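This report goes through a protein model by its charged pairs, its helices, its surface and its confidence scores.

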Amino acid sequence: MRFLLAIIDSLVSFVQRNPLTVLVILILAIGAPAVLKGVALFILYLFMGLLVLILVGLLLLRWHMNKIRRQMEEQFGAGERPQDGPWRGRNASAGPTSGREGEVRVHRTSEAPEKRVSKDVGDYIDFEEEKR
């Protein structure tokens, strides 16, 4: 019963907010039902066409994303990944590496970068730390 009352209340509020639209729909329904049927079919076809366009767009997007994923797998060597576990990068299926597990190695790629500012620029400020 509450469901029916909710439907009726929503219809009444729609009529109160849009009296001119409701009047035009009633005039079309009484005076020219064929025109009202044509308008209703146009709106129905419009919504169905939009729905089909959205579905086709989603399917094209999915196809395009799968194509990009396959290209990236080929480019970055995902063919080496193990079939039974999650993909952990290019060298996930490689054998044990030299060294112990948890060992960290740091390699320097270059010496200290060149200064961009000459030594003559700026002033030296002498300071002392104060403990409070």
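## Salt bridges

In this predicted model, the side chains of Arg105 and Glu103 form a salt bridge, with 3.6 Å from N to O. That separation qualifies because the cut-off is 4 Å between a side-chain nitrogen of Lys or Arg and a carboxyl oxygen of Asp or Glu. Arg105 is partly exposed, at 49% relative accessibility. Glu103 is partly exposed as well, at 41%.

By this rule the model holds two salt bridges. Arg69 and Glu73 also pair through their side chains, at 3.1 Å from N to O. Both lie in helix H3, which covers residues 33-76, and they sit four residues apart, so about one helical turn separates them. In an α-helix there are 3.6 residues a turn, so residues three or four places apart point the same way. Arg69 has a relative accessible area of 40% and is partly exposed.

## Helices

The protein chain contains three helices and zero strands. Read from the N terminus, the order of elements is α-α-α.

## Surface

Of the 132 residues in the protein chain, 2% count as buried. Buried here means under 20% relative accessible area. The chain exposes about 13,600 Å², and carbon and sulfur atoms supply 63% of that area.

Met65 belongs to helix H3. With 49% relative accessibility, Met65 is partly exposed, and it passes the patch criterion because that asks for over 30% relative accessible area and no salt bridge.

## Confidence

The average pLDDT of the protein chain is 80, and 80% of the residues score at least 70. Residues 88-94 have a pLDDT below 50, and in the model this stretch makes six contacts beyond near neighbours in sequence.

Key:
Residues numbered from 1 in each chain as written. Heavy atoms only, no water. Helix = DSSP H or I, 4+ residues; strand = E, 2+ residues; numbered from the N terminus. Buried < 20%, exposed > 50% of the residue type's maximum accessible area, 1.4 Å probe, protein only. pLDDT = per-residue confidence, 0-100. Contact = heavy atoms within 4.5 Å. Areas by Shrake-Rupley, 256 points an atom, 1.4 Å probe, with all protein chains shown as cover.
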